[in-house]
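Thanks for coming. I will go through one structure this morning, and I will give the cut-offs as the terms come up.

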Amino acid sequence: MYPSIGLYNLYKKHIEEKDFSSAIPDVTKKRTLELMQVAVRCAEDWNNALDIGGGSGHYSIPLSQVFKQVTLVEPDEHEDHEILEDRFPNLSIVHEFVENVVIPEKQDLILLSDIYEHIPNIEAFIAKLSTLQEKGGVIYILTPNPVSCGPAIRSAISYTISGSHGHIRHYFKNEVEEVLAKHGYYLVHHSFEETPLRTPLRIMLRGLSRRDKRWNKRIPYRIVRPLVLVILAPIVSIIQSVAYRTEYAHRDDAEHTRSSVYIFKKL
């Protein structure tokens with residue numbers, strides 16, 4: 001039976017408890033993790049999950065509490081990776097591009113969060129992923145919404161126009177569906193997330209987290225820190241509520257959201 005604890009609560013719990021992350025989690029991601037949970041529940045089994053381009057591994061952590069084995073494939077090394085592998089025995093990290101990785105196990109879930117738009121040859125990429133899944137396998141895609149973001153080459157969020165880390169293309173819904181359909185996938189869910197409000201709220205949280213982490217090295221602050229966190233708790237709760245309510249209300253609004261979410265299942 002699927003675990004009753006939601007991914008968002010797992011995400012928040014482990015970031016709050018572990019010293020490798022900021023003490024104040026990015027609670028604006030509640031809608032993101034809620035939709036990831038929809039993808040998890042669409043999977044036939046919860047044996048293996050693959051997080052491609054998952055950065056520091058913040059999404060891999062809650063997934064590792066649901067799946068028997070989670071593999072994070074991330075070309076760039078992060079300072080937290082070694083700690084994560086040590087603390088989560090069923091989480092393995094591979095510093096390589098997924099095209100160059102041999103993955104013998106079939107994957108029940110493949111997570112593509114902010115990676116789809118970076119792939120130079122999307123046809124070959126999806127063909128590769130298709131070989132990693134059997135019938136019932138699920139792919140979750142979070143990618144820029146071209147209606148509000150515009151083409152990749154003109155978009156402010158495409159921080160590099162060319163090179164291995166830039167946005168290659170921003171895809172419309174029919175384009176994403178066509179590519180996945182060629183490899184036996186059908187669309188289970190599509191919606192939008194990340195309203196413009198998320199950015200200033202996230203900046204506020206990051207500022208609080210950076211200061212908390214820096215000040216925590218000083219003995220006087222360590223003494224009063226529990227009180228500070230108690231005072232911050234209602235502020236963080238308000239930020240979470242505002243961000244979530246706004247994004248849920250705009251889940252069908254293509255003009256005022258920056259990201260598209262797709263959940264596909266293999267026939």
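Lys173 and Glu177 both sit in helix 7, four residues apart, about one turn of the helix. Helices here are DSSP runs of H or I with at least four residues, strands are runs of E with at least two, and both are numbered from the N terminus. This is a predicted model: local features need pLDDT of at least 70, side-chain atom pairs count only at pLDDT 80 or more, and totals for chains, interfaces and linings use all residues. Residues are numbered from 1 along each chain as its sequence is written, and side-chain values use heavy atoms, with hydrogens and water left out.

Lys173 forms a salt bridge with Glu177, with the closest N and O atoms 3.0 Å apart. A salt bridge means a side-chain nitrogen of Lys or Arg within 4 Å of a carboxyl oxygen of Asp or Glu. Lys173 has 34% relative accessibility and therefore counts as partly exposed; Glu177, at 27%, also counts as partly exposed. For those classes, buried is under 20% relative accessible area, exposed is over 50%, and partly exposed is in between, with a 1.4 Å probe and protein chains only.

How many salt bridges does a search of the whole structure find? It finds nine. One of them joins Glu123 and Lys182, again with the closest N and O atoms 3.0 Å apart. This pair links distant parts of the chain, with Glu123 in helix 5 and Lys182 in the loop between helix 7 and strand 6, 59 residues apart. Glu123 is partly exposed at 31% relative accessibility, while Lys182 is exposed at 58%.

Then there is Glu247 with Arg198, at 2.8 Å from N to O. Glu247 lies in helix 9 and Arg198 in helix 8 (residues 198–215), so the pair ties together parts that are 49 residues apart in sequence. Are these two buried or exposed? Both Glu247 and Arg198 are buried. Together with Glu193 they are linked in a network of salt bridges.

Helix 5 (residues 122–130) deserves a word of its own. Its buried residues are Ile122, Phe125, Ile126, Leu129 and Ser130.

Last, the surface. Tyr186, Val188 and Leu267 form a nonpolar patch there, with about 290 Å² of accessible area together. Patches take residues with over 30% relative accessible area and no salt bridge, joining like charges within 9 Å and nonpolar side chains (Val, Leu, Ile, Met, Phe, Trp, Tyr) within 5 Å. Accessible areas come from the Shrake-Rupley method with a 1.4 Å probe, and for residues only the protein chains shown count as cover. Leu267 is in the segment after strand 7 (259–266) and counts as exposed at 64% relative accessibility.
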